[in-house]
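Biologist: Can you put the model up and walk me through it?
Modeller: Here it comes.

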Amino acid sequence: QVQLVESGGGLVQPGGSLRLSCAASGSIFSINTMGWYRQAPGKQRDLVADITSGGSTNYADSVKGRFTISRDNAKNTVYLQMNSLKPEDTAVYYCNAAVGGKYYYTNYWGKGTLVTVSS
């Protein structure tokens, strides 16, 4: 099986920055798209950003211009640089990866890391 482990969450003041990391390990033949999702209390889990194996990126309108997603294929790791954080960014952030085995891709989820933006 595959494990995704997020790190980098925490408490930050409005306007501050955090950098999230997600490392994949286990039975990995390849990794296609990797992404970050978030879920605030009482809300749906929504896409924040994703990035293909070729480096193409996609962002939610609410974070565009503030967040940057990147990846290191050699480390099977995806990052999310979050700048100009707002209280409404407070959520549990989940890593997602489409991991290829020998025959097909499977979506895996991390357990999440909490980001709290508060003064």
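**Strands and core**

Biologist: What are the elements of the protein chain, from the N terminus on?
Modeller: They run β-β-β-β-β-β-β-β-β-β-β. That is eleven strands and zero helices, where strands are DSSP runs of E with at least two residues and helices are runs of H or I with at least four. The model is predicted, so local features need pLDDT of at least 70, side-chain atom pairs count only at pLDDT 80 or more, and totals for chains, interfaces and linings use all residues. Residues are numbered from 1 along each chain as its sequence is written, and side-chain values use heavy atoms, leaving out hydrogens and water.

Biologist: How many residues are in the largest nonpolar core?
Modeller: It has 30 residues. Such a core is a set of buried Ala, Val, Leu, Ile, Met, Phe, Trp, Tyr and Cys residues joined through side-chain atoms within 4.5 Å; buried means under 20% relative accessible area with a 1.4 Å probe, protein chains only.

Biologist: Which element gives the most to this core?
Modeller: Strand E9 (91–100), with five residues.

Biologist: And which residues have the most contacts inside the core?
Modeller: Trp-36, Leu-80, Met-82 and Tyr-93. Tyr-93 touches, among others, Trp-36, Leu-80 and Met-82, a contact being heavy atoms within 4.5 Å.

Biologist: Switching topic, how much of the chain is buried?
Modeller: 39% of its 119 residues.

Biologist: What about charges: how many positive and negative side chains?
Modeller: There are 11 positive and 7 negative, counting Lys and Arg as positive and Asp and Glu as negative, without His or the chain ends.

Definitions and conventions:
Buried means under 20% relative accessible area, exposed over 50%, partly exposed in between (1.4 Å probe, protein chains only). The place of a charge is taken as NZ of Lys, CZ of Arg, CG of Asp or CD of Glu. Lists of a residue's contacts leave out its neighbours within four places in sequence.
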